[in-house]
Amino acid sequence: MTQYDELTEFLLRLGDSALIQAQRLCEWTGRAPAIEEEMGMMNVGLDLVGQARNWYEYAAERINDGTDADVLAFRRDERAFRNLLLVEQPNGDFAVTMTKQFFYDAWQFHLLTILKDAKDERISAIATKSLKEVIYHLRRSSQWVERLGDGTDESHQRMEKAIDTVWRFTVELVEKNAAEVALAESGDIPSLAELPEQWLATVNEVFAKATLTVPDAPSTFYLSARTGMHTEHLGILLAEMQFLQRAYPDASW
Amino acid sequence: MRAGELITTDQQGRSGGEADIQQAYKVLEEVMDPEVPVVSVMDLGIVRDVSWVDGHLKVVVTPTYSGCPATEYIETSIRDALQEAGFAHPKVSQRLDPAWTTDWINEQGRNRLKAYGIAPPVGSSNKRSLLSGITQVECPHCGSKDTEQISEFGSTACKALYRCKSCLEPFDYFKCI
């Protein structure tokens, strides 16, 4: 039975967000400010690719039309992707990269903490596994936000600018969604009602240490990844990421 | 043709009794991690179950990290080693739950890591203090506790990079998860 339902959409949201964030991190290969940072970013990216694969494999089983994790990653078009708009934004400078990473890590941390108690054993297992990794991701990105925010005038200014650049996309991390409320009511996933407050509390805490200002709550954005309406950046990213499988379908090594 | 395909004696020769399972475990003691070739898959605690199913040996493993690129390699190594030891068509499958923890690395594994120059994980993975990240790591070279973290991530996802302030040598620390 094919189940392209709301739960599958939810799994794709998690998988797509992890994959696109990983792809952005990999763009730093060979250009990071220090070799330790390059290794750090690649390691986080690697964890996220693994997490994406776990979510995709579950989604593929539910879709059950012969699709698999590779097809979901490499053969879907932009409009089919459900990743957060935040993670598809260009890397910019190191401040933008770390700000995006921190917002995403804090979201993952609280979301996975909730999902590890899911009744669905598969969701619970993947969330529990991923959370162990995400604790390290969040620790690292929080430290960078603090170091840059509470660093030099230059690094502080760059952080303020980075926050201005990506803050509007965080609306997707804090807005309540009817489909997820319904999933929680039917018992497919635990309630995500407290996620926005938890996410904001972490941002407040780290920004306070970093001497950074938390902007006003972002207003609803005219694009939404839930309907496949992305910013112009995702298409360009996919063109690069999917090139090989598009040009040489089923190529393997 | 792979080594094991010549051997078709499982159905007649092996019953899947305790002796066969014990022999399989012995073989697994010799299958080394490709990234840290001094510790075996048994030392790491990634082998979760060895059993006899439908006339074949079945090994269940769990990945260390979601994206660990060595996972497939380890599964192949396990299959190859068992085939060479005479098990026909051993099956290796993956299990995510319960999630792997460094608490499962045995004493021998910890000693081997240390002798190899990698500081073994400190403490238990269940501590909430993981988020604060304050861990005192002992230098695997000189034993000094005066060490500092250089980077949260080292040469692989499972390690962080440290430096000893006594002997000044850098070293890898196997992170606690």
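Two strands are taken to pair if DSSP finds at least two bridges between them. On this basis, in the predicted model, four strands of chain B form an open sheet in the order 4-7-6-5, with mixed pairing. Strand 4 (118-119) and strand 5 (147-151) of chain B are the edge strands, each pairing on one side only. Strand 4 of chain B is joined to strand 7 (residues 170-174) of chain B by two bridges, and this pairing is in the parallel sense. B:Ala119 lies opposite B:Tyr173 of strand 7 of chain B.

A further open sheet in chain B consists of three strands in the order 1-2-3, and its pairing is likewise mixed. Its edges are strand 1 (47-53) and strand 3 (91-94) of chain B, each of which pairs on one side only. Neighbouring strands of this sheet are turned against each other by 20 degrees on average, direction ignored. Strand 2 (residues 56-61) of chain B runs parallel to strand 3 of chain B, to which four bridges join it. B:Lys58 is found opposite B:Lys91 of strand 3 of chain B. Two helices pack on this sheet. Helix 2 (residues 18-29) of chain B touches strand 1 and strand 2 of chain B, and its direction makes about 145 degrees with that of strand 1 of chain B. Helix 4 (residues 71-84) of chain B touches strand 2 and strand 3 of chain B, with its direction at about 155 degrees to that of strand 2 of chain B.

Chain B is divided into domain 1 (3-94) and domain 2 (105-174). Eleven residues from domain 1 of chain B and eleven residues from domain 2 of chain B take part in the contact. On the side of domain 1 of chain B, six of these residues are nonpolar, three polar and two charged.

In chain A, helix 5 (residues 94-115) packs with helix 10 (residues 195-209) at an angle of about 135 degrees, the axes being 9 Å apart. Helix 5 and helix 10 of chain A are therefore oblique to each other, and the crossing is right-handed. Helix 5 of chain A contributes A:Phe102, A:Ala106, A:Trp107, A:His110, A:Leu111 and A:Ile114 to the contact, and helix 10 of chain A contributes A:Leu195, A:Gln198, A:Trp199, A:Thr202, A:Val203 and A:Val206. By class, this contact has nine nonpolar, three polar and no charged residues.

Between the chains, 20 residues of chain B are in contact with 23 residues of chain A. The chain B side of this contact has eleven nonpolar, six polar and three charged residues.

Notes:
Residues numbered from 1 in each chain as written. Chains lettered and ligands numbered in written order. Predicted model: local features only at pLDDT ≥ 70, side-chain atom pairs only at ≥ 80, totals over all residues. Contact = placed C-beta atoms within 7 Å. Nonpolar A, V, L, I, M, F, W, Y, C, P; charged D, E, K, R; others polar. Axes fitted to C-alpha atoms, helices over the stretch in contact; angles between N-to-C directions. Parallel < 35°, antiparallel > 145°, perpendicular 65-115°, else oblique. Left-handed = near helix turned anticlockwise from the far one by under 90°. Domains from an automatic or database assignment.
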